[in-house]
Amino acid sequence: MEQQLPAGRRPRLVSSLGLGQRCCEVTLDQERGLLAWRHPRRGGENYFVPTSEIIAVEETELNKKQRNTGKWQKLAKPHAFTVYYVKKARNHRWWCRDVTFWCGDENLCNQWTQALKELLEMQKCRPKQLLVYINPYGGKRQGKKIYEQKVAPLFSLASISTDVVITEHANHAKDNLFEVNINKYDGVVCVGGDGMFSEVMHGLIGRMQKDSGIDQNNPKAPLVQCNIRIGIIPAGSTDCVCYSTVGISDPVTSALHIIVGDSQPLDVSSVHHNNTFLKYSVSLLGYGFYGDILKDSEKKRWMGPMRYDYSGFKTFLSHHYYEGTISFQPAKHTLGSPRDKDSCRTGCYICKESEQQLAEQQKKCGLKHEGTVSSKAEHVFSYMHRQDTVQTWLATQRSRQTEEDEEEWKVIKGKFLAINAVNMSCACPRSPKGLSPAAHLADGSADLILVRKCSRFDFLRHLVRNTNQDDQFDFSFVDVYRVKSFQFTSKLSEDNGSNVTDIGKKRFGQFCRDHPACCCNIADSTWNCDGETLDSSAIEVRVHCQLMKLFARGIEENCKDEAAYSHSSIEHLL
């Protein structure tokens with residue numbers, strides 16, 4: 001039956017349909033986009049599924065065993081349809097589940113199937129065609145197998161077309177993204193670890209700047225947003241970006257986020273040295289401890305993922321510190337601080353505030369701001385190529401950047417065991433809170449963590465704090481700041497006359513020159529940029545607010561019950 005509603009409102013379907021060997025009342029509220037039913041068994045649990053989280057709807061041919069059992073025998077030809085949907089479990093894991101409803105009326109079955117499919121067609125944020133890059137060598141070399149067995153069937157179920165590229169060498173995906181017709185795709189998916197994601201990110205952002213005439217070597221250049229989303233299917237040694245934006249490193253969960261068309265904006269930091277572009281970073285920029293770990297582990301790739309444990313222990317025992325000066329601009333535009341307990345979660349109000357500020361800036365220039373990417377016809381590339389609009393936006397951004405450069409810079413000199421700058425929490429299974437638990441994904445800032453020279457025991461206490469619930473910044477030798485840009489130069493590079501910029505040269509001044517007999521390191525450390533080393537220790541870093549988007553929705557509050565769609569009454573929901 002179809003419930004009559006006032007004019008202007010979409011109808012609500014309410015029918016008695018078969019589920020298993022019994023009947024139940026099934027409701028589809030098309031106005032609110034909600035499918036609900038009461039399970040005839042399992043204690044009469046009530047289930048509800050938002051249509052935004054329905055994966056697919058298919059007519060189902062019942063097999064002979066089903067037709068010859070129980071109530072099926074009473075129907076000459078029962079008609080059925082299956083709904084595939086997202087089911088949320090503990091620890092942010094998503095599953096693909098299905099439920100099959102049946103009835104004896106073919107017209108009623110078709111009515112339900114048609115109504116559900118129409119609601120799915122209204123989900124304009126969902127991708128229809130994807131470009132997929134698979135790294136067959138990353139992690140445990142399982143990328144291709146993971147995609148073919150766990151991800152491809154789900155994409156097929158959701159009627160998503162894919163063009164798959166198996167990468168053959170480093171930067172294969174990055175180089176390919178400068179050549180393909182990117183306008184034909186609704187998103188790019190990378191199957192691999194953080195390195196694979198970084199490659200795709202550099203390709204997309206670089207392609208966007210090239211098409212818009214932006215010089216990436218200019219550290220003050222305002223970068224044009226890249227609104228084509230990136231999906232991450234975790235299959236690497238480290239999957240920090242996936243874990244910090246979804247809450248779990250699970251291929252099926254990530255595939256489902258892509259299918260339902262989730263969109264999560266993400267800040268990106270640009271790294272320069274002497275007006276030369278080096279890298280983009282979305283997670284960790286680490287000098288000292290984390291840079292030394294990476295540098296040492298690169299020599300031991302034959303050990304596999306275990307090399308990080310070995311190199312980490314070795315680096316901890318060496319206990320090297322490095323002298324240098326860091327200058328930074330505090331992020332006064334954003335709410336909160338690195339030491340508050342306000343973690344970034346789905347619908348984060350701090351990130352929303354930054355999104356509104358960005359939208360207002362673009363509105364003044366006549367640019368369309370998209371909270372989520374819609375159809376290809378509304379793709380960012382279709383309007384970004386209107387050069388008059390782009391140039392107006394760039395002029396405004398340059399003016400704004402000049403004002404920011406005139407703002408006060410703070411300068412800190414010292415001896416550091418570690419200098420870390422993070423755009424996100426950098427959480428992972430070993431460190432569920434991450435390096436900075438209150439860091440935000442899209443607020444236009446980075447958390448700058450300075451660990452000064454201290455005893456080996458105190459440094460161990462600080463590292464242990466990253467794995468428990470205590471405040472890892474609650475030490476006299478640890479400082480943390482929320483910044484929008486910073487510059488660093490080491491004592492060695494200063495002595496050799498190498499400076500980041502003229503501005504940095506004026507600010508850095510003279511270094512403390514005492515050299516204690518123990519633990520003194522005469523060489524520079526290496527910057528760890530999202531798991532890759534940088535050639536220079538003297539760098540200039542600037543955070544670009546929401547420069548790109550992921551197929552994700554941020555970390556949701558944990559589901560306490562595996563049956564995420566149960567334990568609430570249909571009457572209350574509808």
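How many bridges join E15 to E20, and do they run parallel or antiparallel? Two bridges join them, and the strands run antiparallel. That pairing opens a set of close-ups, all drawn from a predicted model.

**View 1. Strand E15 sits between partners and is largely enclosed.** Five of the five residues of E15 are buried, so the rest of the structure largely encloses this strand. Toward E20, Leu 285 has Cys 529 as its bridge partner. E15 also pairs with strand E17 (residues 410-422), again in the antiparallel sense, this time over five bridges. Look for Gly 288 here: its bridge partner in E17 is Ala 418.

**View 2. Tyr 287 and Trp 527 make a tilted ring pair.** The count of aromatic pairs in the model comes to 17. In this one, the ring centres are 5.1 Å apart and the planes sit at 40°, so the pair is tilted. Tyr 287 belongs to strand E15 (residues 284-288), while Trp 527 is in the loop between helix H15 (502-508) and strand E20 (528-529).

**View 3. Phe 289 and Phe 459 meet edge-to-face.** Here the ring centres are 5.1 Å apart and the planes are at 80°, so the pair counts as edge-to-face. Phe 289 lies in helix H8 (residues 289-297) and Phe 459 in helix H13, so the contact ties together parts that are 170 residues apart in sequence. Phe 289 and Phe 459 are both buried.

**View 4. Helix H2 keeps its buried residues on one face.** H2 (residues 106-121) has 16 residues and reaches 22 Å from its first C-alpha to its last, close to the 22 Å expected at 1.5 Å a residue. Its buried residues are Leu 108, Cys 109, Trp 112, Thr 113, Ala 115, Leu 116, Leu 119 and Leu 120. Seen down the helix axis, they fall within an arc of 160°, so they line one face of H2. Asn 107 and Glu 121, on the other side, are exposed. The cover over the buried residues includes strands E2 (12-19), E3 (22-29) and E4 (34-38), along with E6 (54-60), E7 (79-88) and E8 (94-103). At the start of the helix, a side-chain oxygen of Asp 105 comes to within 2.9 Å of the backbone nitrogen of Asn 107.

View 5. Ring pairs link Trp 112 with Trp 37, Tyr 47, Phe 81, Tyr 85 and Phe 101.

**View 6. Gln 472 is a buried loop residue.** Gln 472 is in the loop between helix H13 (456-465) and strand E19 (478-490). Its relative accessibility is 1%, so it counts as buried. Leaving aside neighbours within four places in sequence, its contacts include Lys 433, Gly 434, Leu 435, His 462 and Arg 465. Leu 435 is 37 residues away in sequence and 8.2 Å away in space, C-alpha to C-alpha. Zoom in and you'll find the backbone oxygen of Leu 435 lying 3.3 Å from a polar side-chain atom of Gln 472.

**View 7. E13 and E14 form a hairpin.** Strand E13 (residues 264-273) pairs with strand E14 (residues 276-281) in the antiparallel sense over five bridges. Ser 269 stands opposite Ser 281 in E14. Two residues lie between the strands, and Asn 274 in this hairpin takes a positive phi near 50°.

Definitions and conventions. Residues are numbered from 1 along each chain as its sequence is written. This is a predicted model: local features need pLDDT of at least 70, side-chain atom pairs count only at pLDDT 80 or more; totals for chains, interfaces and linings use all residues. Side-chain values use heavy atoms; hydrogens and water are left out. Two strands pair if DSSP finds at least two bridges between them. Helices (H or I, at least four residues) and strands (E, at least two) are DSSP runs, numbered from the N terminus. The expected span of a helix is 1.5 Å times one less than its number of residues. Buried means under 20% relative accessible area, exposed over 50%, partly exposed in between (1.4 Å probe, protein chains only). The arc is that of the directions from the helix axis to the C-beta atoms. Contact means heavy atoms within 4.5 Å. A polar contact is a pair of N or O atoms within 3.5 Å; within protein, one must be able to donate a hydrogen and the other to accept it, and residues adjacent in sequence count only if both atoms are side-chain atoms. Rings of Phe, Tyr and Trp (its six-membered ring) pair if their centres lie within 6.5 Å; planes under 30 degrees apart count as stacked, over 60 as edge-to-face and the rest as tilted.
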